[in-house]
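I opened the notebook to record what I looked up in this structure. The entries follow in the order I made them.

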Amino acid sequence: MAHVFVYGTLKRGQPNHKVLLDRTNGCSAFRGRGRTVEPHPLVILVIAGEHNIPCLLNLPGQGRRVAGEIYAVDEQMLSFLDEFEGCPDMYQRTHVRVAVLEWEGPRCALEEPPAAEGTLQCLVYSMATYPPEWARLPYLDSYDSQGAHGLRYNPRENR
């Protein structure tokens, strides 16, 4: 099992969370909430004027400490998420250290538990290549598709 940190539309209560619950995609289990140890730019991309996709730019040390959720996923779900996130063409799967704020996961030999200092190495889908102006977009520390930013996410099925 791998730990994946989700910060956008895959979180509970967000438009794409259902894919993590669909057993035909593989297995996933909510393990807790966390925040990136290092700041990262979390921006909303206004693609084609309407899609409003949350994106974590792979610029550690810039931006804000981003809030999200931690899931344990099996290889089948990880492969599904790679395809779902357009990895490696749109997003890249990278590592990020997450400060665990709330942990519901089991402490067993099959999964790495949070370290003594309350951190966990997770996989995250971020963008390593992007136009320079994206790094100048407003940064968020938490994403909600219905947030005060007013940029409503346009689900894939509506595109």
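This is a predicted model: local features need pLDDT of at least 70, side-chain atom pairs count only at pLDDT 80 or more; totals for chains, interfaces and linings use all residues.

Residues are numbered from 1 along each chain as its sequence is written, and side-chain values use heavy atoms, with hydrogens and water left out.

**Entry: the pocket**

I looked up the largest pocket. A pocket is an open set of points on a 1 Å grid over the protein atoms alone, where a 1.4 Å probe fits, with protein on both sides within 12 Å along at least five of seven lines. Its volume, the space filled by probe spheres set on the points, is about 240 Å³. The lining (residues with an atom within 4 Å of a point) has 18 residues. Thr9, Ile53, Glu85, Tyr91 and Arg156 lie nearest the centre. β1 and β4 (53–56) are the elements that give two or more residues to this lining. I counted classes next: 11 nonpolar, 4 polar and 3 charged residues.

**Entry: the whole chain**

I read off 2 helices and 7 strands. These are DSSP runs, numbered from the N terminus: helices are H or I with at least four residues, strands are E with at least two. The order from the N terminus is β-α-β-β-β-β-α-β-β. Buried residues (under 20% relative accessible area, 1.4 Å probe, protein chains only) make up 50% of the 159 residues. I also checked contacts, meaning heavy atoms within 4.5 Å. Among those between residues at least 6 apart in sequence, 77% join residues at least 24 apart.

**Entry: threonine 9**

I went back to a residue from the pocket. Threonine 9 is in the loop between β1 (2–6) and α1 (18–21). Is threonine 9 buried or exposed? Threonine 9 is buried, because its relative accessible area is 10%. Its side chain makes a polar contact of 2.8 Å with the side chain of asparagine 16. Such a contact is a pair of N or O atoms within 3.5 Å, and within protein one must be able to donate a hydrogen and the other to accept it; residues adjacent in sequence count only if both atoms are side-chain atoms. Beyond four places in sequence, threonine 9 touches residues including Pro54, Tyr143 and Tyr153.

I picked alanine 67 in strand β5 (residues 67–73). Alanine 67 counts as buried, at 12% relative accessibility. Its C-alpha atom is 9.4 Å from that of glycine 8, 59 residues apart along the chain. Among the residues that alanine 67 touches are Phe5, Gly34 and Asp141.

Then I took leucine 45 in strand β3 (residues 42–45). Leucine 45 is buried, with a relative accessible area of 2%. Leucine 45 and tryptophan 134 are 89 residues apart along the chain, yet their C-alpha atoms are separated by 7.8 Å. Leucine 45 touches Trp134, and also Ile53, Met127 and Leu137, among others.

Where is proline 88? I found proline 88 in the loop between α2 (75–84) and β6 (92–103). A cis peptide bond joins cysteine 87 and proline 88, with omega about 15°. Glycine 86 lies in the loop between α2 and β6 as well. At 24% relative accessibility, glycine 86 counts as partly exposed, a class between buried and exposed, the latter being over 50%.

Terms used
Ala, Val, Leu, Ile, Met, Phe, Trp, Tyr, Cys and Pro count as nonpolar, Asp, Glu, Lys and Arg as charged, and the others, Gly among them, as polar.
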